[in-house]
Amino acid sequence: MYDDENNMTDKVNTKTPLIGGSLSNRGGFGQGKRDYASISIRGSNDQTGASSSYIAESPITYGHGRDNGRKTSVLLPTEQLSLTWCDIEVTAPPPKRKWFKKQDPKTLLPKRILRRVSGYVEPGTLLAVMGASGAGKSTLMNVLTYRNRGNLTVEGHVMINGQPVGRSIASSSAYVQQEDLFFGNLRVREHLIFQALLRMDSHIPKKGRMERVEEVIRELGLSKCANTIIGNPARGIKGISGGEMKRLSFASEVLTNPPLMFCDEPTSGLDSFMAQSVVATLQHLAAQGRTILCTIHQPSSEVYAMFDRVLLMAEGRNAFLGSTSDALRHFSNIGHTCPTNYNPADFYIQKLAIEPGKEQQCREKVEKLCDAYDQSIFAKEVYDKMKPSESKGLLEDHNIKSRSPYKASWFAQFRAVMWRTYLDNSREPMIIRVRTVQTVIIALIIGLVFLQQPYDQDSIQNINGCLFLFITNMTFANLFAVIQVFPLELPVFLREHFNGMYRTDVYFICKNLVELPYQFIILPIVFTAITYWMVGLYPYFVNFCICAGILVLVCNVSVSFGYMISTFSPSVSVALAIAPPLIVPLLLFGGLFLNTSDIPVYFIWLQYISWFKYGYECLTVNQWQNIDDIECPANYSVPCITDGQTVLASLSFSADNFMMDIYLILVLLVVYRLIAYIGLVWRSQNK
Ligand SMILES: Nc1ncnc2c1ncn2[C@@H]1O[C@H](COP(=O)(O)OP(=O)(O)OP(=O)(O)O)[C@@H](O)[C@H]1O
């Protein structure tokens, strides 16, 4: 319909043409499900004369087939849903009494957040939910979408086409949240293909899904940026614009053809032009027969004019629900006429806001405005629409528990997530460029500092220090690489998992498998290849391979530890803060700084969970066990260490422990990773 933001201006100021069906065949309230696609075709052009270009342009017949030989748009929702909410009352529990502080008894009462609010939205309608901050908009959205309810007590009914609905509302609706979360290294088209593979019904063939992706790209004006990297402004990865990102969020939801959409402040953070283009997209989607609710903060008058209806909220009550033109009429009737050339949205918010310093006065005014609405014909119209529900329960839940939340099978999820993780990793600058350069530079520095050590008394300490540095470097480089990136993608994982796209185990396995070869096998080998020969360690290829193998294991156990810290940390900064205090004790008991036989008894357990100790023992055994002759100068002041076995003995290490150390590193690798996985499951269930 529109291909880029530049040709959007002329469209956003004019009302998007409603499809004929959505005007003339609009489903009556509570009439049950109807095939919207066939309604649209019959009603288009012929009945209204309106140009239904959305349908005419659609080349694909997938989904609903043909009607009278004409192709239907894949984007039309398959059913019409009317959403009603009736007498919603939401209460927050009273705050806990503080025993050390005298508190006003009034502040210890439960807080009423929503006070018997009712409303409805019909198919083909774009409803703006507006109100001053704290009016209860987000709480209403959370009640309707059955999300983020926390400790709130909710009473009342939410109904779809007259039937009570609860948690199962998620299966027939989409929720475009305020924050756009994407894997920023993917291209727009790739992101949509991934969404299509996991969110569309499994009976739809792959070809149909790909056609659907192309259709959605065209319809949501993403053609221009379809092959552009999405980007991540927070990490400095430049990509598509804010408006395109928001439209991509809509596109991800529209793929599944939801008849009901909720949008939380879709224009926040956008300039007025972008905001207009985003609301034009919503208007377009509503015109196709969807039911759309959208919270919005201070829209410009142009954006406000694009909404069909408005719900004004104040102090947890309805101050108005009706068409945007009726809102003006209603406020004028009750003595608050919006001045000419004044933005009506600003006018309403001003009237309904609680000004600091004048709280009591404003609250009384707001109560009067809400009472006036309750007695108006507009409120009566809302109550007339309410069908008495036979259910007395709260927001009933239908058939949600028995069904798997996932559309794709385990293997389909695995394939798609592997593909996406591979794409994301292969384009991640932190992984490819930065990690490679970092590894090579550090290896060269270590190699130059310890260049070609001779086998004499002084070099024993140098070589041991160098071997310990190998372990420390492997640990810190990989641990911090994980905790700087992994927590950042967890919110995307949590949202996608919550949306029923893939299981936690699929995500975790794919992440591990994709990252393993380059980051956690090849890079440690590159590091060893540079340093081992530069330093002049035990000069046999077998020993080089053993050293590389030990460093690969150390690298992977550090990665497990990094995953573990990341899954239990709410953010990167927390993960970065808790990593050093956890690592330093393990480092201290690694065998270099403190001889393992001298560790205080109450700290002995720390050496058992320290891969530093196991790794260091293995590396020193690999280095020293076959050396029988260490040079001893004639005038050396202290007794000489003449062979490798003595070096090992001086560190309280033994060649007999070698295999056990390897097994213990493997055990730590598995245990830390398992704990990380449990943490991930815990996070995904606590969201
Ligand atoms: N779990 C809770 N416990 C206590 N009070 C709450 C809780 N959730 C919301 N509130 C309060 O309820 C009121 C309405 O909150 P809500 O977030 O719904 O407002 P809003 O209209 O979305 O505001 P904004 O536009 O600023 O996001 C606010 O005063 C808020 O502090």
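Residues are counted from 1 along each chain as its sequence is written. The model is a predicted one: local features need pLDDT of at least 70, side-chain atom pairs count only at pLDDT 80 or more, and totals for chains, interfaces and linings use all residues.

Two of these spans can be checked against the predicted fold. Helices (H or I, at least four residues) and strands (E, at least two) are DSSP runs, numbered from the N terminus. Residues 467–494 come out as 100% helix and 0% strand, with their end C-alpha atoms 40 Å apart. For residues 662–682 the end C-alpha atoms sit 30 Å apart, and that span is likewise 100% helix and 0% strand.

Elsewhere, strand E10 (residues 291–295) has five of its five residues buried (20 or more other C-beta atoms within 10 Å of a residue's own, with C-beta atoms placed from the backbone). In a regular strand, side chains alternate between the two faces of the sheet. Thr291, Leu293 and Thr295 are buried on one side of E10, and Ile292 and Cys294 on the other.

As for neighbours, strands count as paired if DSSP finds at least two bridges between them. E10 pairs in the parallel sense with E5 (residues 125–131) over five bridges, and Val129 has Thr295 as its bridge partner. E9 (residues 260–264) also pairs with E10 in the parallel sense, over five bridges, and there Asp264 stands opposite Thr295. From E9 the chain runs through helix H10 (residues 272–287) to E10 in a right-handed β-α-β crossover (clockwise from the first strand over the helix to the second, with the strands pointing away from the viewer).

How values were computed: A residue is buried if 20 or more other C-beta atoms lie within 10 Å of its own, exposed if 12 or fewer, and partly exposed in between; C-beta atoms are placed from the backbone.
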